Amino acid sequence: MKRRSFVQASLALGTVGSLSMVGCATTAPLPSKAKVVVIGGGYGGATAAKYVRMLSNYQIDVVLVEPNDSFISCPISNLVIGGSKTMGDITTPYDNLKSKHGVIHARDRVTEIDRGKKTVTLAGGVTLGYDKLIVSPGVDMMWGSIEGLKDASASGQILQAWKAGPETAALRRQLEAMPDGGVYAIAVPLAPYRCPPGPYERASQVASYFKKAKPKSKVLILDANPDVTSKGPLFKKFWAENYAGMLEFRGNHKAIAVDAKTKTVKFETSDDVKADVLNVLPNMSAGLIAMQSGLANANGRWCNVNYQTFESTAAKDVHVIGDSVLAAPLMPKSGHMANSHGKVVAAAVVAQLSGMEVNPQPLLTNTCYSFVNDKLVVHVASVHQYVAEEKTFKTVAGSGGVSSAPNELEGIYAMNWAQNIWADTLL
Amino acid sequence: MRSTPFLAALLLLGSYAGSATAATPQDTVKLHQRALAATCANCHGTEGRTTEGSAIPSLAGMPREYMVAQMKAFREGTRPATVMHQLTKGLTDQQIETVSTYFSTLKR
């Protein structure tokens with residue numbers, strides 16, 4: 001497979017490279033304007049960039065602004081924290097978007113969007129014009145929601161690891177360094193936040209690790225929500241049967257402050273909790289550039305969009321996708337959902353730029369797998385149909401659902417899902 | 001196999017570069033069809049081609065009638081599944097036929 005990819009990449013460079021600056025975007029100067037500029041190379045933005053190219057039969061030029069040279073996946077990153085996968089397993093370079101799809105990758109950050117002039121300014125100083133802007137900046141941590149957390153996070157003492165990357169590896173190291181008999185505590189913010197089942201999968205992964213390596217240790221879930229937010233009955237049954245006495249769930253625990261020195265979390269109404277490894281998640285909002293650009297016009301926190309096209313209700317020709325969007329009913333903030341957004345926005349933008357009718361009935365799907373140990377998996381799936389009369393996506397009655405019980409077959413499918421969605425987003 | 005889009009792109013560059021407004025009604029139908037089929041790609045691979053060694057099957061080149069029948073069997077519960085019985089319940093007959101037609105036209 002590796003050899004074939006290499007041959008394909010070489011072929012692609014040979015045929016297309018001479019026509020444009022494909023293949024050397026990091027060294028070649030950026031164009032002064034592109035028909036489509038995409039901000040953020042996550043599940044949403046990378047998919048949108050690739051699919052604008054594909055669905056336009058490679059007619060529409062796309063610049064993807066993303067500072068990193070590789071994509072690191074949040075899905076499966078909890079298995080790195082649990083110790084059954086490595087950082088390498090969840091990392092995919094962006095090269096193929098260039099070599100196979102002709103996406104120009106600007107390794108930079110956008111510092112300003114000028115909606116009037118239809119330009120973005122990059123941190124490196126370059127100004128880039130667009131006809132259509134697709135903004136996919138993920139989530140930002142609302143540090144102010146928990147006193148002391150910003151500094152504790154910056155010093156590396158209390159991590160989030162809610163954007164996969166160096167913090168994922170750092171949290172793993174903290175767990176490895178923790179003595180047997182220690183306590184790991186994860187504080188969960190009020191919904192909505194990125195990846196509803198993520199905290200419970202992570203707690204399960206840590207418990208799975210402790211059970212093998214540090215059996216006297218404890219896992220605490222300190223949840224601002226009253227109950228487990230996603231796949232609740234499945235998680236709770238598995239915990240009771242497999243992690244009894246080790247993993248404890250405490251609802252209605254809204255964290256309001258941390259003390260990094262004493263490793264303590266303070267809550268709105270409950271007693272303080274001390275832990276050896278603290279993993280405290282604050283409230284989350286739309287990504288920084290969306291917040292700074294006036295796109296977060298839903299309570300100043302999320303972005304309202306016209307769901308048929310994902311065009312911002314605050315700015316013409318600016319489309320927002322992924323976790324930053326104010327979710328339609330029952331629409332999760334997940335990688336799979338962001339990938340689905342990426343395709344709907346790509347088709348809409350291609351239609352608009354090509355004088356075609358926009359799809360009147362876009363469809364979104366979501367399948368989200370959670371590992372309860374290193375092999376067994378549960379899923380939640382849903383289908384979301386755009387309903388023109390109500391101008392929103394609604395789950396189709398009777399569709400969707402969860403696993404009947406954790407099972408190994410879905411463990412295999414979950415890893416295949418990951419390989420395929422990484423390829424669909426990036427290769 | 002994967003270089004096909006590039007050949008197509010090169011041909012198209014010659015024919016309608018710079019005439020983006022000259023889309024035909026067939027182009028629109030094709031775009032919407034591809035966008036609907038793309039909802040399968042998250043698990044079944046871009047253009048229905050999964051990564052090597054995937055237990056999730058590729059859809060590219062699957063015979064149309066076979067795929068329609070499997071999707072309906074998932075939906076009716078006559079073919080057991082982990083996820084597909086829940087996803088197919090969210091699709092209309094027409095959506096099933098559209099994606100099945102599309103994937104049947106693609107090379108494996």
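Reader: In which strand is the place of A:Val377?

Author: Happy to start there, with a predicted model in which local features need pLDDT of at least 70, side-chain atom pairs count only at pLDDT 80 or more, and totals for chains, interfaces and linings use all residues. Residues are numbered from 1 along each chain as its sequence is written, while chains are lettered from A and ligands numbered from 1 in the order in which they are written. Strands (E, at least two residues) and helices (H or I, at least four) are DSSP runs numbered from the N terminus. On that scheme, A:Val377 belongs to strand S22 of chain A.

Reader: Does A:Val377 count as buried or exposed, and why?

Author: A residue is buried if 20 or more other C-beta atoms, placed from the backbone, lie within 10 Å of its own, exposed if 12 or fewer, and partly exposed in between. Because A:Val377 has 23 C-beta neighbours inside 10 Å, the residue counts as buried.

Reader: How many Å apart in space are A:Val377 and A:Glu410?

Author: Contact means C-beta atoms, placed from the backbone, within 7 Å. Leaving out residues up to four places away in sequence, A:Val377 touches several residues, including A:Tyr369, A:Pro406 and A:Glu410. In sequence, A:Val377 and A:Glu410 are 33 residues apart, yet their C-alpha to C-alpha distance is 5.6 Å.

Reader: Which element gives the most to the side of chain A that touches chain B?

Author: Nice one to finish on: the contact takes 49 residues from chain A and 40 residues from chain B. Elements giving two or more residues to chain A's side include strand S22 (377-387) and helix H11 (408-426). With 11 residues, the element that gives the most is H11(A).

Definitions and conventions: Two residues are in contact if their C-beta atoms, placed from the backbone, lie within 7 Å.
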